Every structure is written in structure tokens, then in C-alpha cells.
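The sequence and the structure come first.

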Amino acid sequence: MVIQLDGRIFRNGILASALFAAVKSPTSVYELTNKSLFLITPLMAVGIIYILFACYIFTIWEEKFSGKRLSRYSEQSPSNKQPPDVKSWKQNKERTLHNSKMHENFDTCELLNDLADLEVTKKENQLIRKRMNERSPLIPIPGKKTLAPLSETGKAKDLDMDHVHIQFFQFLWGCTFIGPCSYLLWKKGVTWLSIRQFLVKRGILKVKPFDIDEVIGKLCLEQTQAIHYYAKTKDGSKLGNIAGFFFADFPYIDKNCEYKVADLFSVDINLDTKKFVKAKFDDVHLTASETLILLWFNTIAAQHVKLHALANWGFNSDTAVKETNPFLYRNSIVTSIYNYFGYSCFSTYMEEWERQGLLAVGFDPNAWTQCIDHGIKAHIWQHSNIDELVKYSRFVRFIVQVRAIFSAEFGKHKDVFPGVQGEAMFVGTVLHSLDHTLMNWNLEDPLWLDVDDPRFGRMAQIGRIVKVGFVQDVPLLYFHKRFKGSGHPFYEAVYKKAAKINKELADNMDTCIIK
């Protein structure tokens, strides 16, 4: 078919037919134009909205990151140096014993008075630490395909949860694909919490029945809080097979919403029944309900944040890593952004929760932040006797074995993890994700925390919110976050061996901090 139009000859059959139809029927052109505008207009609107969103995110990035943080290749960055040493068993023991002497409550404690020195340098642990501390002493220089040295001898003074520099487009990506999903999780959680609290107060709904002594046992034995284990009674003790968990210099929020530090908090667990026996808080004997509040608060405010902080030494978000190990690169960005969300953003939501009636009027965000900082700066205590709990704790048994597997595999693959410290990576992936998983399993109902407790009710309030909005898996993520199915040889090798020990726990191991 040939058509001549305005002196031009069109020989293509399809094109010629289309032009003929358009010339013949101007209405068709009008309809086609309308249809195009119908499709293009929404896309343009979305594009404009996203540009405005990006501009808003840029103002946040400029305020929080630009010129205010350093990349890990900078010698002034805390994570350019080696992470701070764990505090020795001797230091921990001495501090605990010293604090116990201030309170008559602990004078007759068999576990403290018989506390013996432990051998903390076992050959197996030495080998594991050697492998885990091996890392490439180099990290990529931004914008170049060369590497800058990390300090091999310098030690960071403290752990630091939120200090890593994030580039603007990394931050924009996180705010686009992670931020809304995280917001949806906590918004949905606190909304349903408000409804449930309202219905329970009016007798329409009931709180799920539970064995509080069993739940307390789980919070001590089946979470990272297990590192506070000190000793168990000797065989034949009149007390039975009792394990003591001691928390020296314990941060908490009192009834006036003020940050306080108790000298010593202790919890006794019967290892045969895995249930709560008794607890002391300086000069006070605690009820099971009070103990549950304190253990949960310590989990979310002082213990778990140590994992977030140490994880900064276990990732590398410099752009040059994207070419050599893109999976590590994305995991690193996710972890850095989530640490920012968790530390810098969390307290800004408290005013809204106060308006919803979930927090008492006058809840001070600074008290929360002081507890967080206390937990981070207290560092991690050496827990060389943790293997004594292997017989009694599924979590401890799994972690002791998987840590050795992780160490061996990291030694084989460390060349593709530049600037990554193995122990920190283990903490920021395996330990962190399983701590979340077990927190969610152990405290099935947030209403088990008594917000009406006259001494510790404030901590129960924030504890409920964290449980419903910040513990579970974040929904609607488009990227892969598990060891299982990652397609990366290191993570797959670790998962394959870990699944033979406990598949349920192995299936919940994340490759980054994403909750």
C-alpha cells in the first residue's frame, strides 16, 4: 500500500494504513491523544510527587549526614579502627561482686559467694577468635577502584550504633524501599495494640493465658540475654539446679520517667524446669510480673542495641564493593540505614504514641536514649562459661555450633568481604536476626507486660510498643535478606550446615539488620 501525503510517499503498509485512518477520521487522532494523556498524566503526577519526596529526603540527609559523618576509610571514623575489646570475665565478676556488697539482699546468694574464676582462653575459642578477627585490612576509597587501609592496631574507644556515613542516593533508596515498609509495620502494630487495650479494659477481649515463670525462663535462656549467665549451683545443692543471671549497673526508667541505674539485678532460673525462681533488684525482692518487665526492657533498651552497634564493623557500604560483592554492598546499606532509623528516629515517634494513649503523658524520650547509650557504652562482657547452658538452651546450643561454622566459612571467603570483621558480621547477621525472632516467639502477647505496675509501668508501656512494631519481620521488602536462598556461596554454605543443627532457627538467619 502506498500513500502520498503532503508530497511524502509512505510505502510501509501498517504505517500507511494508520496515517490513512488518521487523515480520514480526525476523531481517531483526538481519541488517541486523550488516551495517551490519560496514561501519561498519572505517571507525571507520580514523578512530580517522587521528586518532591526526594527533595525532602535530601534536606534530611543534608542535616543528618552531609559533612557530619565520615566514611569508614577515614581514620577519624570509629569503625575504621578495630572494635573495642569485650570486657573481661574478671572485670565483670569484680563489678558484680562489688555492687552486690552494697545491698544486704545479696549477702546469702550462693551463686555469688561461690563464684569461681574461669579459664577464659580455651584453645578452641582462641582459634575461633583468630579466624573471626581475620579481615582484609583494606576498604575501597569512594569513587576509585583502589583500597584504603583500615587500622590494624588502633581500637575504637566505644561501640557506636549510628555513626556510618551514607551517601545521598543510598539514603534515598532506603527511604524509598525500606522506610515505608518499616512505617507500615509499626503503624499497623500500634493501631491494633490501641484497639486491643481498649477492648480488654472493657472486658470485651481477654489477655492470652500464659505461664509467666516459663516466659521469664525463655527470656533468660533463649535470647542473647543468656550472656548474663554467671554460674549455677553445685551438684547436690539444697536450692536445686539453679542458674543465676546477673546484670550489674542496670539502666531503667522509673515511675517518674527518669533514667536510673540500679547496682545489681539478678534472676534465678531452675534449669530442670526452665522456669523462674526468684529475682532481686538492689534491696528489693521482685514479683514475677516485675521481673518480666525488667527483662524485656533490658532486651530492647540495653542488650539488643549492642548487636546493632557492633554490626557496624561487620559491613562495608563503600561503592567500590558493589562491583566485587554486590550482595554485601546492599546488606551494608540496609544495616547502616536501619541503625539510623533505630537510634536517631525511634524517639521522634513517642509524641504520637503519647497522643494515642500508649505512653503516659510526659514520657521523656531522653530517658529512653540514655538507657540505649548506657547499654552501648557498657560494651559486651566476656561470657566464656556460656557453654554450661548448651544442655539447657536450644538457642545457646545452636549459636555455639554455628559460630564455629561461620568462622570457618568466613576464613575461606574473607577476600570478598573487604574491611569486614568476622565477629561483628556474625553478630550483625546471625545473632541479631535470631534475637528478634526469639523475642517475638518468647513474648507472644504484649499485654503480658503490666503497664499499671506502680514502679515499672513506664517501661512496660514502651515494651508493648516495641513488641508490636519493631520486633517482627518487615513486610513488602523486594530484596532478599535471608541466608537461605541467597545464592551467595558464603551464606549458602553457612546455612546448609546450620540447617542440619536446627532448621527452624537457620531459616530465620538474616544477612543484614532489617528489623
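In this predicted model, helix H6 spans residues 168-177 and holds both Trp173 and Phe177. These two residues are four positions apart, about one turn of the helix. Trp173 is buried, with a relative accessible area of 17%, which falls under the 20% cut-off. Phe177 has a relative accessible area of 38% and is partly exposed, because that class lies between 20% and 50%.

A second pair sits in helix H11, which covers residues 326-345. Here Tyr338 and Phe341 are three residues apart, again about one turn of the helix. Their ring centres lie 6.0 Å apart with the planes at 70°, so the pair is edge-to-face. Tyr338 counts as buried at 10% relative accessibility, and Phe341 is buried too, with a relative accessible area of 15%.

How many aromatic pairs are there in the model? The count comes to 46 aromatic pairs. The rings of Trp173 and Phe177 have planes at 50° and centres 6.2 Å apart, so this pair is tilted.

The two pairs are set out below.

| Pair | Distance between ring centres | Angle between planes | Class |
|---|---|---|---|
| Trp173 and Phe177 | 6.2 Å | 50° | tilted |
| Tyr338 and Phe341 | 6.0 Å | 70° | edge-to-face |

Aromatic residues also group into a cluster. Which residues form one aromatic cluster? Its members are Tyr183, Trp186, Phe297, Phe346, Tyr349, Trp353, Trp368 and Phe470.

Methods: Residues are numbered from 1 along each chain as its sequence is written. This is a predicted model: local features need pLDDT of at least 70, side-chain atom pairs count only at pLDDT 80 or more; totals for chains, interfaces and linings use all residues. Side-chain values use heavy atoms; hydrogens and water are left out. Rings of Phe, Tyr and Trp (its six-membered ring) pair if their centres lie within 6.5 Å; planes under 30 degrees apart count as stacked, over 60 as edge-to-face and the rest as tilted. Buried means under 20% relative accessible area, exposed over 50%, partly exposed in between (1.4 Å probe, protein chains only).
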